[in-house]
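I opened this notebook to record what I looked up in one structure.

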Amino acid sequence: GTVVDQRGLPVEGVVVSDGLLTTLTDESGYYALESDLSKRRFVQVTIPAAYEIPVKNGIPQFWRRIPEGATEFEADFTLQARRKAASRYTVLMTADPQIRSRSARYENFAFHSIDMYEDMCRDLRETAASITDRPVYGISLGDLVWDNMPFHSVYKEQIRKIGVPVFQVIGNHDHDKAIGMDTEADHSFRAAFGPTYYSYNIGDCHFVVLDDVLYTGSSNYTAEITEAQMAWLEQDLKHVPKDKLIIIGVHIATSRRNRPTSHIANYRELYALLDGYNVRILSGHSHNNYTTTISETIEENTLGAVMGAYWNGEELCNDGSPRGYAVYEIEGNRIANWYYKGTAYPKEYQMYLYGPG
């Protein structure tokens, strides 16, 4: 296949992958991979920082689906060069919208899961529209739906209304409970959004999305990154200079500050691959807000949930923080500022402190 710019000129040095093997385009924009197409699902490019994120209805389009039964496949990509470098930009981080129906039931309490999600999208749209001096992007950190696979399409309908490109992470509730195999249970997510793990560049940051839910059927899963992803990530990072900030999106926290023994199964291998980089990991899943300091160069921010704590019917997450999302202001290769915003509150609201009595 080939990678060209909007004028049809070749783009050299673009990282192209089948989710396992990785290669670079040559001076003609050409690349080739000797893939086992029976096991690979996508050809994907890591968008270079000099180019815009390709988007359709708010969903980034950096991949081509490999047809089932194909023995050869050619995938061409066209990239749009940026008019100016995106050295300053904002990323809106959400976790756990978990939409299920117009009125979902949890234990003995019915709540309006889609209404809550639509509230969040309105709030995100207003926040994005208020930021006029820099580009805005979004990352959704998994559990987009709550075991109801057709609602991935409902989720997509709202994403385009936010008005910014939104990258997706797969969560445990985005797997089809009727399918026991991890490699097939993610079929609905893949049909809606493409690959479950991938990378891209904006400015001086390298973004990575990983799937750390190893699904075993029904409601059973473990927190683990597959060997194929780890092999892919090792190849991916070979093309990333050490002065780039790496921002990783996962669903389940790789480590939990308040549960010292709680890690993804192969956390040591992951952190070893990231050695030498400054890294910020972003996760959801627990419906709590907390920060875990993993090392001098790796910090993990776990965010509260868009849909709150399921059962309380109020604006609260499990830990009492408001349901909401986080806003990250990035300058160069550093996060200059970030804060958590409650959907029902102005950004200035952070917490109330009450004295004894």
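The entries below follow the order in which I looked things up.

**Basis.** I note that this is a predicted model, in which local features need pLDDT of at least 70, side-chain atom pairs count only at pLDDT 80 or more, and totals for chains, interfaces and linings use all residues. Residues are numbered from 1 along each chain as its sequence is written, and side-chain values use heavy atoms, with hydrogens and water left out.

**Cavities.** A cavity is a set of points on a 1 Å grid over the protein atoms alone where a 1.4 Å probe fits but cannot get out, and lining residues have an atom within 4 Å of a point. Points are joined across faces, edges and corners, and a volume is the space filled by probe spheres set on them. I found two cavities of 30 Å³ or more.

The largest cavity holds about 80 Å³ of space. Its lining has 14 residues, and those closest to the centre are Thr 94, Leu 124, Gly 138, Ile 162 and Val 166. For elements I used DSSP runs numbered from the N terminus, with helices (H or I) of at least four residues and strands (E) of at least two. Strand E9 (88-94), helix H1 (113-130), strand E12 (136-140) and helix H2 (151-162) each supply at least two residues of this lining. The largest share, four residues, comes from E12. I then sorted the lining by class: Ala, Val, Leu, Ile, Met, Phe, Trp, Tyr, Cys and Pro count as nonpolar, Asp, Glu, Lys and Arg as charged, and the others, Gly among them, as polar. The lining of the largest cavity has 11 nonpolar, three polar and no charged residues.

The second largest cavity holds about 60 Å³. Among the residues that line it I noted Ile 59, Trp 63, Val 166, Gln 168 and Tyr 198. E13 (166-168) is one of the elements that supply at least two residues of this lining, and with three residues E13 gives the most. By class the lining has 10 nonpolar, one polar and no charged residues.

**Gln 168.** Which side chain does Gln 168 join through a polar contact? The partner is Tyr 155, at 2.6 Å. A polar contact is a pair of N or O atoms within 3.5 Å; within protein, one must be able to donate a hydrogen and the other to accept it, and residues adjacent in sequence count only if both atoms are side-chain atoms. A polar atom of the Gln 168 side chain also lies 2.6 Å from the backbone oxygen of Val 166. Leaving out residues up to four places away in sequence, Gln 168 touches several residues (heavy atoms within 4.5 Å), including Ser 140, Leu 144, Phe 193 and Val 209.

**Ring pairs.** I counted 16 aromatic pairs. Rings of Phe, Tyr and Trp (its six-membered ring) pair if their centres lie within 6.5 Å; planes under 30 degrees apart count as stacked, over 60 as edge-to-face and the rest as tilted. The Tyr 117 and Tyr 155 rings are stacked because their centres are 5.3 Å apart and their planes are at 20°. This pair links distant parts of the chain, with Tyr 117 in H1 and Tyr 155 in H2, 38 residues apart. Both Tyr 117 and Tyr 155 are buried. Tyr 197 and Trp 232 form an edge-to-face pair, with 5.3 Å centre to centre and 65° between the planes. Tyr 197 lies in the loop between H4 and strand E14 (198-202) and Trp 232 in helix H5 (residues 227-237), so this pair ties together parts 35 residues apart in sequence. Tyr 197 and Trp 232 are both buried. I also recorded a cluster linked by ring pairs: Phe 62, Tyr 89, Tyr 137, Phe 167, Tyr 198, Tyr 200 and Phe 207.

**Largest pocket.** I turned next to open space; a pocket is an open set of points with protein on both sides within 12 Å along at least five of seven lines. The largest pocket has a volume of about 660 Å³. Of its 26 lining residues, Lys 39, Arg 40, Arg 41, Thr 183 and Arg 190 lie nearest the centre. Helix H3 (182-185) is among the contributing elements and gives the most, with three residues. The lining has seven nonpolar, eight polar and 11 charged residues.

**Backbone angles.** Most residues other than glycine have a negative phi. Asn 57, in the loop between strand E5 (55-56) and E6, has a positive phi near 55°. Ser 218 also has a positive phi, of about 55°.

Definitions and conventions:
Buried < 20%, exposed > 50% of the residue type's maximum accessible area, 1.4 Å probe, protein only.
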